[in-house]
Amino acid sequence: MADCIFCMIVDGKIPCAKVYEDEYSLAFLDINPLVWGHTLLIPKRHFVTIFDMPPEAVAACGGALQKVAQAVFKGMNAEGMNILQNNYAIAGQQIDHVHFHLLPRRAGDGFKVPWPAK
Ligand code: 5GP
Ligand code: ZN
């Protein structure tokens with residue numbers, strides 16, 4: 001998609017701090033991190049929401065998701081992790097290219113999930 005920021009990142013037209021890459025997926029640091037180590041994982045192909053993805057694309061992304069989440073968790077020496085994925089504006093989606101937020105959590109990091117947490 002010509003006017004999609006994340007497609008431009010995939011195409012190397014916009015720089016990113018790359019965390020992981022394979023044939024189908026790319027992970028990079030969020031430009032405006034909610035916590036230290038906030039990482040985004042995206043499919044390289046343009047899909048607006050998770051509902052637009054064929055099952056094989058979800059499976060490829062899911063495999064990378066677990067791998068990258070584990071690496072970020074360990075690499076950041078985190079105590080916990082939130083994995084969030086927003087679909088449509090009402091749910092907070094700002095970039096219309098599917099992405100998973102990986103949020104390594106540590107006590108006192110200041111991030112508040114919208115449900116009770118320790
Ligand atoms: P959403 O609200 O759509 O779920 O999340 C979009 C995320 O993309 C936000 O956390 C925002 O900081 C991040 N973001 C937006 N533009 C860029 C960019 O150009 N580069 C990077 N690395 N992250 C971006
Ligand atoms: Zn895109």
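**Strands, buried residues and a ligand shell**

Reader: How do strand 3 and strand 5 run, and how many bridges join them?

Author: Strand 3 (residues 39–43) and strand 5 run antiparallel, joined by 3 bridges. Strands here are DSSP E runs of at least two residues and helices are H or I runs of at least four, both numbered from the N terminus. Two strands pair if DSSP finds at least two bridges between them. This is a predicted model, in which local features need pLDDT of at least 70 and side-chain atom pairs count only at pLDDT 80 or more, while totals for chains, interfaces and linings use all residues. Residues are numbered from 1 along each chain as its sequence is written, and chains are lettered from A and ligands numbered from 1 in the order in which they are written.

Reader: Which residue is the bridge partner of Leu41?

Author: Phe100, in strand 5, is the partner of Leu41.

Reader: And strand 4 with strand 5, which sense and how many bridges?

Author: Those two pair in the antiparallel sense, over 5 bridges. Gly80 stands opposite Arg105 of strand 5.

Reader: Zooming out, what pattern does the protein follow along the sequence?

Author: The order is α-β-β-β-α-β-β, that is, 2 helices and 5 strands. The radius of gyration is 14 Å, close to the 13 Å that the globule rule gives for 118 residues, so the protein is as compact as a globular protein of that length. That radius is taken over C-alpha atoms, and the rule is 2.2 Å times the number of residues to the power 0.38. The C-alpha trace spans about 40 × 30 × 25 Å along its principal axes.

Reader: What share of the residues counts as buried?

Author: Of the 118 residues, 21% do. Buried means 20 or more other C-beta atoms within 10 Å of the residue's own, exposed means 12 or fewer, and partly exposed is in between, with C-beta atoms placed from the backbone.

Reader: His99 next. What does UniProt annotate there?

Author: The unreviewed UniProt entry gives "active site" for His99. UniProt positions follow the numbering used here, feature names are shortened, and annotations may be inferred rather than shown by experiment.

Reader: Where is His99, and is it buried or exposed?

Author: His99 is in the loop between strand 4 (80–84) and strand 5 (100–105). His99 counts as buried because it has 24 C-beta neighbours inside 10 Å.

Reader: What does His99 touch?

Author: Beyond residues up to four places away in sequence, His99 touches Phe6, Leu40, Leu41 and Ile42. A contact here puts two C-beta atoms, placed from the backbone, within 7 Å.

Reader: Leu26, buried or exposed?

Author: Buried, because Leu26 has 21 C-beta neighbours inside 10 Å. Leu26 sits in strand 2 (residues 25–29). Outside four places in sequence, its contacts are Val10, Glu21, Ile42 and Lys44.

Reader: And Ala17, buried or exposed?

Author: Ala17 is exposed, with 10 other C-beta atoms within 10 Å. Ala17 lies in the loop between helix 1 (5–10) and strand 1 (18–21).

Reader: Last one: which residues come nearest to ligand 1?

Author: Ile31, Asn32, Asn86, Gln94 and Ile95, of the 14 residues around ligand 1. A residue is near a molecule if its C-beta atom, placed from the backbone, lies within 6 Å of it.
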